[in-house]
Amino acid sequence: MALPDKQGHFGEFGGRYVPETLMTLLIDLEKQFKALNKNKAFRDEFAFYLREYAGRPTNLYFAERLGRHLKTLKVYLKREDLLHTGAHKINNTLGQVLVARRMGKTRIIAETGAGQHGVAAATTAALFGLECVIYMGAQDIKRQSLNVFRMKLLGAQVIPVTSGSRTLKDAMNEAIRDWVTRVRDTFYIIGSVAGPHPYPLMVREFQAVIGLEARKQFLAKERKLPDHLVACVGGGSNAMGLFHAFYKDKGVGMIGVEAAGKGLNTREHSATLKKGPVGVMHGSKSNLLQDKDGQVRVAHSVAAGLDYPGVGPEHAYYQKTGRAQYVAVDDKAAIRGFKMLSRLEGIIPALETAHALAYLETLARKSKKGTTVIVNLSGRGDKDVNTIQGIL
Ligand SMILES: *Cc1c(COP(=O)(O)O)cnc(C)c1O
């Protein structure tokens with residue numbers, strides 16, 4: 001059976017844990033999305049904007065020098081960093097904005113942590129002349145002033161959220177509140193495969209283009225399927241985007257790389273799948289970083305885009321059923337991965353992506369020669385150069 005089921009469950013995970021007022025909106029959105037997802041005119045329109053505006057298909061690049069350095073691995077990079085705005089997030093915001101337009105909505109709202117999703121949402125709102133409001137934790141606004149400025153340049157209004165930890169999870173709560181009060185003209189664009197049903201499904205479908213392309217490209221180059229897929233996991237959208245097209249290819253291993261921050265035995269990490277008990281946040285059941293009273297904990301990573309205390313329910317399901325394996329890489333190793341790709345291939349990766357790259361060192365040690373890997377190069381690292389400069 002294709003997952004999720006009718007109530008949005010991936011096994012025990014996912015679902016729709018929301019108050020009644022939100023339920024009607026979600027059921028309506030689900031109906032509209034499912035119809036559009038089967039509608040040829042809509043799919044053609046989405047494909048048109050992915051191609052003409054975002055820059056798809058992205059290359060599947062054979063990283064020969066990186067492979068030689070790692071000795072046992074043949075590494076291919078799926079170049080999502082080459083997309084407009086520099087990361088995979090535009091795939092999803094384009095898809096959701098097109099749904100919003102078909103539903104007759106004129107106002108876009110979104111939550112953002114590091115600001116990457118906010119920028120992608122503001123970009124696509126500008127493209128279609130829609131009003132755009134971005135909720136962002138006051139703490140994050142301080143840390144990510146350049147992205148705040150970008151969103152404003154794009155015509156978006158950025159609203160500081162001062163509740164709770166003043167970070168991403170609080171911004172998401174605030175966006176949900178806004179949505180409930182202004183649903184007539186407003187569409188809420190969630191930035192990852194998280195949140196209540198149908199969001200994990202919808203975001204997966206819009207990001208699945210990554211894996212569909214990569215699978216075809218790899219087959220054309222190697223005449224077989226890869227041994228492993230590797231991607232970093234924050235909320236899980238770039239990883240799910242790569243993994244999903246390979247779900248039924250049982251011989252293809254899937255490895256999601258979380259942020260171990262300052263170490264899995266400290267409180268400062270974002271390894272939700274490895275360390276988080278099952279819980280409910282933002283309308284969805286999944287693994288969740290929480291204290292012993294069930295209060296959500298603040299996540300940490302050197303990569304701002306990975307420090308989300310939750311994770312998409314489909315990943316929780318993949319972990320539980322063993323379809324994918326989840327590992328964690330700490331800040332120090334991620335910085336090594338960042339430098340490694342920059343020097344060996346002339347590609348500066350996002351710090352988020354650097355976690356996936358760093359894991360290749362471990363994978364290489366466990367693999368026999370000629371093992372093939374596709375790494376999702378989820379974003380470019382220009383945004384992180386200042387952070388790295390500070391650390392080095
Ligand atoms: C936001 C972001 C991530 C993390 O989000 P996912 O939903 O887990 O993909 C990873 N890489 C980059 C470049 C990002 O901007």
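Modeller: Let's start with α1 (20-38) and α8 (168-181), each of which supplies at least two residues of the lining of the second largest cavity. This is a predicted model, where local features need pLDDT of at least 70 and side-chain atom pairs count only at pLDDT 80 or more, while totals for chains, interfaces and linings use all residues. Residues are numbered from 1 along each chain as its sequence is written, and side-chain values use heavy atoms, with hydrogens and water left out.

Colleague: What makes a stretch of chain a helix or a strand?

Modeller: DSSP runs decide: H or I over at least four residues gives a helix, E over at least two gives a strand, and both are numbered from the N terminus.

Colleague: And why is a space called a cavity rather than a pocket?

Modeller: On a 1 Å grid over the protein atoms alone, a cavity is a set of points where a 1.4 Å probe fits but cannot get out; a pocket is an open set with protein on both sides within 12 Å along at least five of seven lines. Lining residues have an atom within 4 Å of a point. Grid points are joined across faces, edges and corners, and the volume is the space filled by probe spheres set on them. Two cavities of 30 Å³ or more come out.

Colleague: What makes β6 "mostly covered"?

Modeller: Buried means under 20% relative accessible area, exposed over 50%, and partly exposed in between (1.4 Å probe, protein chains only). In β6 (residues 131-137), six of the seven residues are buried.

Colleague: How do you know which strands pair with β6?

Modeller: Two strands pair if DSSP finds at least two bridges between them. β5 (residues 107-112) has six bridges to β6, and β7 (residues 157-161) has five, so both pass the cut-off of the pairing rule. In both pairs the strands run parallel. Arg107 has Glu131 in β6 as its bridge partner.

Colleague: What makes β7 and β8 edge strands?

Modeller: The open sheet runs in the order β7-β6-β5-β8, and β7 and β8 (186-189) each pair on one side only. In the six-stranded sheet, ordered β3-β4-β14-β9-β10-β13, β3 (60-62) and β13 (324-330) each have a single partner strand, so one side of each lacks a neighbour in the sheet.

Colleague: Last one: which pairing does β3 have with β4?

Modeller: Three bridges join β3 to β4 (residues 73-79), and the two run antiparallel. Leu60 stands opposite Lys78 in β4.
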